Amino acid sequence: MESHVSLLELRKFVAPEFIFGSGARSLAARFASNLGARHVLIVTDPGIINAGWVLPLLNDLNQAGIHNTVFDQVSSNPRDDEVMAGANVFINNHCNLIIAIGGGSPMDCAKGIGIVSSNQRHILSFEGVDEVPIPAPPLICIPSTAGTSADVSQFAIINDVARKVKIAIISKAVVPDVALIDPFVTTTMDPYLTACTGIDALTHAVEAYCSNAHSPITDLHALQAIRLIKDNLLAAIHSPDDLEARTNMMLASLHAGLAFSNASLGAVHAMAHSLGGFYGLPHGECNAILLEHVMAKNFESAPDRFRQIASALGQASDLPDELQKVELVNGIRSLREKAGIITRLGAIGVTAANIPELAEKAMNDPCMATNPAGLTQLDIEALYASAL
Ligand SMILES: [Fe+2]
């Protein structure tokens with residue numbers, strides 16, 4: 001059944017203030033000062049520090065007379081205990097503003113630190129939609145990847161280590177106050193990270209466009225993201241210093257982020273979250289492996305939507321349904337392979353024996369609620385098996 005959204009249906013669209021363009025990163029101290037910062041907690045990870053992105057920020061803050069403390073104990077799927085440790089650092093240093101610089105992990109961790117500090121509750125108690133009663137302290141994000149868009153989204157994904165699941169915190173309270181989106185910061189991503197984060201952005205756009213909660217505004221952003229990724233992903237991978245390709249990928253990520261933050265996602269993300277929580281696997285790589293399988297499964301639930309996606313990818317969009325599906329899925333697979341992501345779930349540690357538990361966890365993920373097709377646990381198990 002095709003999913004239609006009535007133009008009369010209520011839809012809200014939330015986005016932070018953002019500055020886009022080369023040099024945006026150097027505005028952090030000024031924005032922090034405008035927001036009344038006395039002592040800033042900088043949330044980042046060792047890779048970003050080593051890439052040289054944190055030192056200039058510290059210099060700017062020091063020059064502006066703003067105290068600062070760096071918290072870099074963030075792993076690639078940010079853990080609940082890391083959020084709680086960061087919140088302790090925030091509170092003990094009497095911080096009143098957070099700057100997150102890095103990929104989705106430091107940004108999601110920073111969001112968690114903010115709401116834990118203001119609400120004085122454990123991070124896992126905020127799981128779900130609109131479960132954050134007290135707003136967080138101001139948060140400025142400087143993204144270093146063109147993919148996660150945590151810098152504009154109302155999502156924070158945190159790893160519940162004891163249960164081995166990623167929880168989703170979806171709330172206006174985790175929308176940053178300012179995003180300083182600087183394409184130049186993405187030039188230190190290696191080709192594989194560029195590929196995985198770029199396909200993550202593509203997945204955001206595809207899932208938002210086909211989501212049951214899509215709207216005319218999110219549709220615009222989703223389709224533009226797909227067009228930009230089609231034209232720029234491979235150039236950004238193969239020519240890391242191509243600033244035009246980097247800028248267009250950052251723009252694509254921004255568009256995809258605005259789309260999915262407001263339309264939510266689907267089964268690809270539900271299944272990727274499950275893999276990330278269970279095995280600690282990288283988010284973008286999981287999405288890249290799963291995307292074509294889930295699209296093939298979802299196609300008949302929203303064929304007109306998938307035709308528009310085909311068109312945005314530069315494909316014919318007037319083929320008979322079955323052929324259209326095959327062409328679209330082949331196109332996605334080809335883009336993934338050209339991007340250098342040629343692995344399968346089995347090769348990165350997933351075993352058939354764990355599929356039922358993975359599927360059960362994916363079924364409980366909030367992203368599943370907006371998937372265009374109503375999938376059963378058996379459907380999800382079959383999808384994992386097809387990507388094994
Ligand atoms: Fe994602």
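Predicted model: local features only at pLDDT ≥ 70, side-chain atom pairs only at ≥ 80, totals over all residues.
With 10 C-beta neighbours inside 10 Å, H94 counts as exposed, because a residue with 12 or fewer such neighbours is placed in that class.

**Two residues with positive phi**

H94 belongs to the loop that connects α4 (80-92) with β4 (97-102). Although H94 is not a glycine, its phi is positive, at about 55°. S149 likewise is not a glycine and has a positive phi, of about 60°. The loop that holds S149 runs between β6 (139-143) and β7 (155-160). Is S149 buried or exposed? S149 is buried, because 31 other C-beta atoms lie within 10 Å and the threshold for a buried residue is 20 or more.

| Residue | C-beta atoms within 10 Å | Class |
|---|---|---|
| H94 | 10 | exposed |
| S149 | 31 | buried |
| I217 | 15 | partly exposed |

**The sheet of six strands**

Six strands make up an open sheet in the order β1-β9-β6-β4-β2-β3, and their pairing is parallel. The edges are taken by β1 (17-20) and β3 (67-71); each has a single partner strand, so one side of each is left without a neighbour in the sheet. From one strand to the next, the twist averages 15°.

Strand β2 (residues 39-43) and β3 run parallel and are joined by 5 bridges. Within this pair, V40 stands opposite N68 in β3. Helix α5 (residues 104-119) packs on the sheet and touches β2, β4 and β6. The direction of α5 makes about 165° with that of β4.

Neighbours within four places in sequence being left aside, I113 is in contact with L41, V43, V83, G86, A87, F90 and I98.

**The sheet of three strands**

An open sheet of 3 strands has the order β5-β8-β7, and here the pairing is mixed. Its edge strands, β5 and β7, each pair on one side only.

Strands β7 and β8 run antiparallel and are joined by 6 bridges. Two of the facing positions can be named: I157 stands opposite A168 in β8, and N159 stands opposite K166 in β8. The two strands form a hairpin with 4 residues between them. K164, in the turn of this hairpin, has a positive phi of about 55°.

Why is β7 largely enclosed by the rest of the structure? Of the 6 residues of β7, 5 are buried, so the strand is largely enclosed. Helix α9 (residues 267-279) lies across β7 and β8, and runs at about 130° to β8.

The protein chain is divided into domain 1 (17-186) and domain 2 (189-386). Taken over C-alpha atoms, the centres of domain 1 and domain 2 are separated by 25 Å. Where the domains meet, 26 residues of domain 1 are in contact with 31 residues of domain 2. On the side of domain 1 that touches domain 2, the elements giving two or more residues are β5 (128-129), β7 and β8 (165-170). By class, that side of domain 1 has 11 nonpolar, 12 polar and 3 charged residues.

**The nonpolar core**

In soluble globular proteins, nonpolar side chains tend to be buried together. In this model the largest nonpolar core has 127 residues. The residues with the most contacts inside this core are V43, I99, I113, A205, A225, A259 and M271. Each of domain 1 (17-186) and domain 2 (189-386) supplies at least three residues to the core. I113 and V43, both named among those with the most contacts in the core, are also in contact with each other.

**I217 in helix α7**

I217 is placed in helix α7 (residues 216-238). I217 is partly exposed, because 15 other C-beta atoms lie within 10 Å, a count between the limits of 12 or fewer for exposed and 20 or more for buried. The C-alpha atoms of I217 and D60 are separated by 37 Å, and the two residues are 157 residues apart along the chain.

Methods. Residues numbered from 1 in each chain as written. Domains from an automatic or database assignment. Contact = placed C-beta atoms within 7 Å. Nonpolar A, V, L, I, M, F, W, Y, C, P; charged D, E, K, R; others polar. Pairing = 2+ DSSP bridges. Axes fitted to C-alpha atoms, helices over the stretch in contact; angles between N-to-C directions. Core = buried A, V, L, I, M, F, W, Y, C linked by C-beta atoms within 7 Å.
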